[in-house]
Amino acid sequence: MNNANDIPTAALEAFKESLSPQAKVITRADPGYQESIVRWADNAIKPAGLVVQVASAQDVSETVRFLTWFPVQIFISYLSIERENVGDVYSSSHTILNFTFQIKFAVARHIPLVVKCGGHSTNGHSSTNGGIVIDLHQLRDVAVDAERKLIVSGGGALWRDVDVAAAEKGLATDAPAEHSSNPNRNPCSLALVGGTVNHTGVGGLTLGGGYGFLSGQHGLTIDNLVEAEIVLADGSIHTIDENRMPDLFWAIRGAGNKFGCVTKVRLLAGRVVV
Ligand SMILES: Cc1cc2nc3c(=O)[nH]c(=O)nc-3n(C[C@H](O)[C@H](O)[C@H](O)COP(=O)(O)OP(=O)(O)OC[C@H]3O[C@@H](n4cnc5c(N)ncnc54)[C@H](O)[C@@H]3O)c2cc1C
């Protein structure tokens with residue numbers, strides 16, 4: 001099984017139950033499916049088997065755990081069915097079942113899993129043929145601490161979200177005014193190295209390094225990343241920085257986006273002359 005579309009209904013229902021009420025699981029048969037696989041580049045649109053629109057880091061964790069454990073659940077239910085049906089011959093069939101389980105486990109683990117933030121990957125890295133998409137678009141909260149020059153953004157936010165939140169406090173990212181969703185925004189005295197357009201994702205751009213108009217003065221976006229919340233492949237959730245899991249924190253600042261799913265970033269803003 002390498003297509004999420006083939007996941008048994010009972011397993012899918014149990015998975016939905018494990019998520020927060022705000023999370024949404026979209027199958028190919030559901031309304032909103034076509035919209036959920038749209039990407040910035042048409043060539044990056046692929047028919048996902050399942051789109052999981054998570055609403056928290058815990059939802060991401062449940063999705064990762066589901067992918068790892070549901071083959072085991074299938075195995076356990078097979079065993080109990082076999083016990084009921086064949087009674088005494090259970091032990092001889094156990095070997096065959098065990099073998100079946102191993103194959104199922106190995107194959108099922110190959111269901112592709114991708115993370116989607118702003119959907120601007122032009123080579124389709126946030127899309128999948130038949131796999132599961134963890135769609136972060138609900139993780140868009142942005143908090144601005146003007147005094148400490150810090151901006152905390154959800155891992156699924158667009159730079160537009162950061163820009164609007166910052167502008168409300170008289171601050172801004174470095175997207176030029178013509179790209180801003182707020183034409184009346186205040187002139188900024190504090191700014192952040194974000195993307196040069198405001199519709200790219202905070203998650204993808206940051207983990208890719210991130211350059212903006214302020215890079216000459218303040219470096220890349222990752223140079224200004226001071227903390228991240230990340231969900232690892234085993235489903236564990238960590239807050240990492242220079243002191244907490246420093247190797248992983250080093251890795252996400254320049255070695256790519258495959259170390260985990262980043263659900264929150266804390267970024268440093270800098271003073272600019274306006
Ligand atoms: C029109 C346009 C303008 C651009 N301008 C700039 C620019 O000014 N500066 C710049 O540096 N780059 C720019 N880029 C490149 C852009 O930063 C990358 O394409 C980036 O990967 C897009 O991120 P996204 O979240 O929008 O895309 P997505 O397609 O959602 O994600 C891209 C990749 O990052 C992964 N990913 C996304 N979010 C997370 C997360 N939270 N945790 C783990 N993995 C994640 C995805 O799995 C995928 O592999 C631009 C691209 C386009 C198309």
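## The ligand and its surroundings

A polar side-chain atom of Asn-257 lies 3.0 Å from an oxygen atom of the ligand. Lys-258 also reaches the ligand through its side chain, with an N or O atom 3.4 Å from a ligand oxygen. Gly-204 takes part through its backbone instead: one of its polar atoms is 3.2 Å from an oxygen of the ligand. Taken alone, the ligand exposes 950 Å², and the protein buries 86% of that. These areas come from the Shrake-Rupley method with a 1.4 Å probe, and for residues only the protein chains shown count as cover.

How many residues surround the ligand? There are 28, and the closest are Val-115, Cys-117, Ser-126, Thr-196 and Val-262. A residue is near a molecule here if one of its heavy atoms lies within 4 Å of it.

## What kind of model this is

Please keep in mind that this is a predicted model, in which local features need pLDDT of at least 70 and side-chain atom pairs count only at pLDDT 80 or more, while totals for chains, interfaces and linings use all residues. Residues are numbered from 1 along each chain as its sequence is written, and side-chain values use heavy atoms, with hydrogens and water left out.

## The chain as a whole

The chain has eight helices and 12 strands. Both are DSSP runs numbered from the N terminus: helices are H or I with at least four residues, strands are E with at least two. Of the 274 residues in the chain, 49% are buried. Buried means under 20% relative accessible area, exposed means over 50%, and partly exposed is in between (1.4 Å probe, protein chains only).

The chain exposes about 13600 Å², and carbon and sulfur atoms supply 54% of that area. Among contacts between residues at least 6 apart in sequence, 59% join residues at least 24 apart. A contact means heavy atoms within 4.5 Å.

## Salt bridges

A search of the whole structure finds eight salt bridges. The term means a side-chain nitrogen of Lys or Arg within 4 Å of a carboxyl oxygen of Asp or Glu. One of them joins Asp-135 to Lys-116, with the closest N and O atoms 3.9 Å apart. Asp-135 lies in strand β4 (residues 132-135) and Lys-116 in strand β3 (residues 113-116), so the pair ties together parts that are 19 residues apart in sequence. Are these two partners buried or exposed? Asp-135 counts as buried at 2% relative accessibility, and Lys-116 counts as buried at 12%.

Glu-227 and Arg-266 form another salt bridge, their closest N and O atoms being 3.3 Å apart. Glu-227 sits in strand β9 (residues 225-231) and Arg-266 in strand β11 (residues 261-268), so this pair ties together parts 39 residues apart in sequence. Arg-266 counts as partly exposed, at 25% relative accessibility. Glu-227 and Arg-266 also belong to a network of salt bridges that includes Asp-241 and Arg-244. Separately listed is the bridge between the side chains of Arg-253 and Glu-242 (3.5 Å, N to O). Arg-253 is in the loop between α8 (246-252) and β11, and Glu-242 is in the loop between β10 (237-240) and α8, 11 residues apart. Arg-253 counts as partly exposed at 23% relative accessibility.

## An aromatic pair

The structure holds one aromatic pair. The rings of Phe-15 and Phe-66 have centres 4.3 Å apart and planes at 15°, so the pair is stacked. It links distant parts of the chain: Phe-15 is in helix α1 (residues 9-18) and Phe-66 in helix α3 (residues 57-86), 51 residues apart. Both Phe-15 and Phe-66 are buried. Rings of Phe, Tyr and Trp (its six-membered ring) pair if their centres lie within 6.5 Å; planes under 30 degrees apart count as stacked, over 60 as edge-to-face and the rest as tilted.

Among the buried residues are Trp-159, Asp-161 and Asp-163.

Most residues other than glycine have a negative phi. Lys-149, however, has a positive phi near 55°. Lys-149 is in the loop between β5 (142-145) and β6 (150-154), and it counts as partly exposed at 30% relative accessibility. Met-245 has a positive phi of about 50°. Met-245 lies in the loop between β10 and α8 and counts as partly exposed at 34% relative accessibility.

Terms used. Polar contact = N/O pair within 3.5 Å; in protein donor to acceptor, adjacent residues only side chain to side chain.
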